[in-house]
Amino acid sequence: MITTSIGLMMIAAYLCGSVSSAVIVSKLFRLPDPRRHGSGNPGATNVLRLGGTLPAVLVLVFDVLKGTIPVWGSYFLGIEAFYLGMIAICACLGHIYPVFFGFQGGKAVATAFGTMMPIGLDLAGLLIATWMILVGATGYSSFAAVVTVSLAPIFTWFIKPLYTIPVLMLSILIVIRHRQNIVRLWQGNESKVWDKTKRPKE
């Protein structure tokens with residue numbers, strides 16, 4: 001029974017993650033497709049550049065929720081910590097390779113954050129504070145994301161050690177997903193959060 005529940009929740013998490021809020025919100029606000037404009041990444045940061053604060057906030061909220069809902073639901077089903085981590089990874093893989101949007105997705109930072117939220121508000125607060133401080137200091141969302149997710153397993157160890165390994169697995173996935181951003185950061189070619197992309201004329 002538990003094995004079946006785990007399998008179903010992994011599938012549900014992937015499908016939930018596959019709903020690309022960046023693309024949907026951009027269509028609702030008549031913005032350029034974030035997969036083909038700006039940085040090409042369908043995430044909140046690129047939508048911020050293309051359409052401003054409100055669409056970006058909506059994308060951020062929805063991306064967080066599609067990570068939180070399947071993991072929280074699995075927690076209440078009594079699924080063990082390791083498998084919660086696998087379910088979290090499935091939600092992020094859905095965001096990265098969305099079946100509903102041609103497998104062309106984003107970096108899954110917000111979704112990964114959403115999957116970690118059920119661990120506790122103290123962890124969520126630390127992650128948010130770390131990301132905001134780093135973005136404010138450097139202007140690089142990708143740098144802030146990589147450093148924050150790298151610190152997440154350490155934060156988790158001090159808050160709820162049981163979830164350290166699942167969070168570590170998730171962190172590795174997000175860092176790997178940012179490998180091109182890391183190269184651009186090293187070469188000094190990465191865009192900053194406040195770098196605007198001109199909207200093309202219709």
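Analyst: Happy to! Residues are numbered from 1 along each chain as its sequence is written, and side-chain values use heavy atoms, with hydrogens and water left out.

User: What is the mean pLDDT of the protein?

Analyst: pLDDT is the predictor's confidence in each residue, from 0 to 100. Here the mean is 91, and 95% of the residues reach 70 or more. Over residues 197-202, however, pLDDT is below 50; that stretch has nine contacts in the model beyond near neighbours in sequence. Where pLDDT is low, the predicted coordinates should not be read in detail.

User: How many helices and strands does the protein have?

Analyst: Helices (H or I, at least four residues) and strands (E, at least two) are DSSP runs, numbered from the N terminus. The protein has 10 helices and zero strands.

User: What radius of gyration does the protein have?

Analyst: The radius of gyration is taken over C-alpha atoms, and the globule rule is 2.2 Å times the number of residues to the power 0.38. For 202 residues, a compact globule would have a value near 17 Å, and the protein's 16 Å agrees with that. Along the principal axes, the C-alpha atoms fill a box of roughly 55 × 35 × 25 Å.

User: Which residues of α6 are buried?

Analyst: Buried means under 20% relative accessible area, exposed over 50%, and partly exposed in between (1.4 Å probe, protein chains only). By that scale, 47% of the 202 residues count as buried. Helix α6 (residues 109-116) is mostly covered, with seven of its eight residues buried: Ala110, Thr111, Ala112, Phe113, Gly114, Thr115 and Met116. These buried residues pack against α4 (53-76), α5 (81-96), α7 (121-138), α8 (141-159) and α9 (164-177).

User: And the loops? Is Asn41 buried or exposed?

Analyst: Asn41 counts as buried because its relative accessibility is 14%. This residue is found in the loop between α2 (21-28) and α3 (44-51). Leaving aside neighbours within four places in sequence, Asn41 is in contact with Pro34, Asn46, Gly105, Gly106 and Lys107. For another loop residue, take Val19, between α1 (2-17) and α2.

User: How many aromatic pairs are found in the whole structure?

Analyst: Rings of Phe, Tyr and Trp (its six-membered ring) pair if their centres lie within 6.5 Å; planes under 30 degrees apart count as stacked, over 60 as edge-to-face and the rest as tilted. The search finds two pairs. Tyr75 and Phe76 are edge-to-face, 5.5 Å centre to centre with 75 degrees between the planes. Phe82 and Tyr83 are also edge-to-face, at 5.3 Å and 85 degrees. Tyr75 is partly exposed at 44% relative accessibility, while Phe76 is exposed at 64%.

Terms used:
This is a predicted model: local features need pLDDT of at least 70, side-chain atom pairs count only at pLDDT 80 or more; totals for chains, interfaces and linings use all residues. Contact means heavy atoms within 4.5 Å.
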